[in-house]
Each structure stands twice: as structure tokens, then as C-alpha cells.
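Please read the following account alongside the sequence and the coordinates.

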Amino acid sequence: MMDAKLAQRPQFSAWIDSEKVGRKSRCTLRVPQKLREGRCRVLISGHLEPTGSFNRHKSISLEVPCSYREFPGAPRLQSGSFNSPFDEALILKNKSQEIEPFLSGRCIYLVGMMGSGKTTIGKVLSQVLSYNFCDSDSLVEEDVGTSVAEIFKLYGEGFFREKETEMLRRLSRMHRMVVSTGGGAVIRPVNWRHMQQGISVWLDVPLEALAQRIAAVGTHSRPLLHDESGDAYTKALTRLSNLLEERSESYAYANARVSLEEIAAKLGYRDVSHISPTAIAIEALEQIEGFLKEEDGMAFGTL
């Protein structure tokens with residue numbers, strides 16, 4: 001509990017004149033601009049190297065009153081929304097410990113459009129839950145012996161979808177797995193029957209952000225984007241818009257939904273690209289927790 005409270009304190013850096021410690025002196029504080037105007041008390045830990053022949057390090061802790069102000073034009077976050085990476089890691093760890101016993105070893109299936117971060121978030125979740133991770137597309141590639149793009153080219157999409165279903169069928173018999181599914185896995189009802197053995201989570205990312213991500217790495221590995229014309233971003237955005245229109249109702253069958261737009265609003269971000277994978281994983285666990293409560297009426301508050 002003490003570590004959690006300390007983790008919530010804003011972090012500051014300071015330069016202190018070691019020769020003036022012990023008498024009235026000034027120090028310079030560098031304060032994050034995202035914090036609002038106000039007053040605070042800051043605990044400063046200093047590692048001092050006094051000058052002169054007394055060659056010994058000395059550590060001190062000071063608590064000093066200070067005030068800070070926001071510079072014009074600096075971004076503003078809503079009160080309570082400022083989290084350091086350490087804060088997020090601690091929150092994620094605590095949340096995973098809360099819900100992991102109630103998962104009963106069930107697999108977690110991440111669904112969503114191409115480029116939505118299923119692999120990245122899946123690896124974060126698998127690590128914090130002590131689950132294994134796998135990518136269904138990679139399993140198909142290993143089984144066939146070539147890339148998804150080549151499979152589409154040589155054998156067609158129908159062949160790939162059959163292999164995809166076979167991999168999901170095998171995975172449905174397993175436990176303690178986080179599975180990153182292909183973007184089109186949701187279009188076949190049989191796949192949902194397999195994924196219902198676990199818990200499905202839809203990573204809902206705005207189309208513009210998806211197109212930017214895909215354009216940044218290229219479309220060569222995305223066979224469903226090859227037929228579009230134009231620059232990489234326009235090609236991705238056009239095709240993604242059509243695919244989402246076809247699949248949005250299917251994605252909505254997922255047990256839980258993680259909206260990056262909603263996360264950004266809570267954190268005070270204007271751009272979803274500023275959201276860390278850890279923050280997305282935290283939201284995923286919170287949405288899974290909500291599903292579990294509805295499913296079994298579990299009293300998490302008693303943990």
C-alpha cells in the first residue's frame with residue numbers, strides 16, 4: 001500500500017548547491033508541464049559530493065514547500081489522469097492479480113482490425129497473467145510453410161480461412177493462452193464457437209490511427225490491401241473502411257470491448273497514438289473484469 005501511494009506522487013528533479021545545505025538556500029526544480037497550477041510539498045532526495053578534502057558521499061532527504069505554474073500553451077490533463085510508466089506497470093500488476101484467479105485458466109482471444117495492436121497487447125497480457133502467447137496467423141504460416149501473403153496468393157483466401165479455423169479449433173482445447181487472432185477471424189460463426197471456450201476482447205481502434213500504423217510499416221504483408229490504389233495511407237484507409245463496415249457487427253460479439261478513443265478521453269490525450277500498450281492492457285483487464293462480474297456475479301471487492 002505504501003509503495004502504491006508513493007508511486008502516485010509527481011516526480012521532480014532538482015539541482016542543489018551542496019555547500020549551502022544546512023542553511024537557507026535556493027534550489028531549482030524542473031516540474032512536468034502537464035501538471036496544473038497549484039502548490040505542493042515535494043520530497044527531494046539528494047546525493048551530494050562535498051568539495052574539499054573530505055572525500056565521502058552523503059545522501060540526504062529534504063521536504064520543502066514549493067509552487068509551480070503551467071507555461072502558456074502547455075498541454076493540460078484532467079486531474080488524476082497523470083500516470084508515470086511506473087504507475088501503469090503497478091496498476092497492471094495489481095489488476096492482473098485481482099482477476100487471474102477468476103479466469104480459471106480460460107484463454108483470452110484478442111480480435112480486431114489489422115494493425116489494432118493485438119500482438120503487442122497480447123504479449124503484455126500474457127506476461128502479466130503468466131499465460132502463454134500465440135498468434136493464429138503465425139500458426140497458419142508454420143503449418144503451411146509460407147507467409148499469409150503468399151498463402152493468399154497461391155491458394156486463395158478460402159484456403160487460409162479454413163486453416164485459420166483449424167488453428168482456433170486446436171487452441172480452444174488449451175488453457176492459459178492469450179491468442180492474437182487474424183483481423184478476419186470474426187467473419188466465420190464457427191470461429192466464434194471455438195473462441196467462446198475462452199474470453200474474447202475487441203481492440204477497437206479508430207480507422208485513421210490504423211491507417212497511419214499500417215502505412216508506416218508498408219502494406220506488403222497485408223494481402224487484403226494489395227488491390228487498392230494510391231499512397232500507402234489512402235490505400236489503407238479506403239480498404240479498412242470497407243472491411244470495418246463488413247465486420248463491425250461481428251466484432252461486437254466479443255465479450256469485452258477496449259475502445260482506444262475512450263481510453264484517450266480518460267487520460268486527456270487528443271491522439272490515441274500517445275496511449276501506451278500498458279494502459280491498453282489495463283483497460284483490457286478492466287473490461288474482462290466487467291464481463292466476469294456479469295457472467296458469474298463475482299464479488300471482486302472481497303479480494
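**Core, sheet and salt bridges**

The largest nonpolar core has 56 residues, and Leu240 and Ile288 touch the most other members. Helix 11 contributes nine residues to this core, the most of any element. Leaving out residues up to four places away in sequence, isoleucine 288 touches Ile99, Leu103, Ile108, Ile199, Val201 and Ala256. Another core, of six residues, lies apart from it; Val148, Ile151, Phe152 and Met167 are among its members. The model is predicted.

Five strands form an open sheet in the order 6-7-5-8-9, with parallel pairing. Strand 6 (132-135) and strand 9 (256-259) are the edge strands, each pairing on one side only. From one strand to the next, the twist averages 20 degrees. Strand 5 (residues 108-111) and strand 8 (residues 199-204) run parallel and are joined by four bridges. Valine 111 has tryptophan 202 in strand 8 as its bridge partner.

Helix 3 (residues 118-129) lies across strand 5, strand 6, strand 7 (177-180) and strand 8, and runs at about 165 degrees to strand 6.

Which residues does lysine 95 contact, leaving aside its neighbours within four places in sequence? They are Leu285, Glu286 and Glu289. Lysine 95 sits in helix 2 (residues 85-103). With glutamate 289, lysine 95 forms a salt bridge of 3.1 Å, N to O. This pair links distant parts of the chain, since glutamate 289 is in helix 11 and lysine 95 is in helix 2, 194 residues apart. Buried means under 20% relative accessible area, so lysine 95 at 12% is buried, and glutamate 289 at 9% is buried as well. Lys95, Glu98 and Glu289 are linked in a network of salt bridges.

The count of salt bridges comes to 13. Arginine 161 pairs with glutamate 157, their closest N and O atoms being 3.1 Å apart. Arginine 161 is buried at 7% relative accessible area, whereas glutamate 157 is partly exposed at 32%.

Technical notes. Residues numbered from 1 in each chain as written. Predicted model: local features only at pLDDT ≥ 70, side-chain atom pairs only at ≥ 80, totals over all residues. Heavy atoms only, no water. Pairing = 2+ DSSP bridges. Helix = DSSP H or I, 4+ residues; strand = E, 2+ residues; numbered from the N terminus. Axes fitted to C-alpha atoms, helices over the stretch in contact; angles between N-to-C directions. Contact = heavy atoms within 4.5 Å. Core = buried A, V, L, I, M, F, W, Y, C linked by side-chain atoms within 4.5 Å. Buried < 20%, exposed > 50% of the residue type's maximum accessible area, 1.4 Å probe, protein only. Salt bridge = Lys/Arg side-chain N within 4 Å of Asp/Glu carboxyl O.
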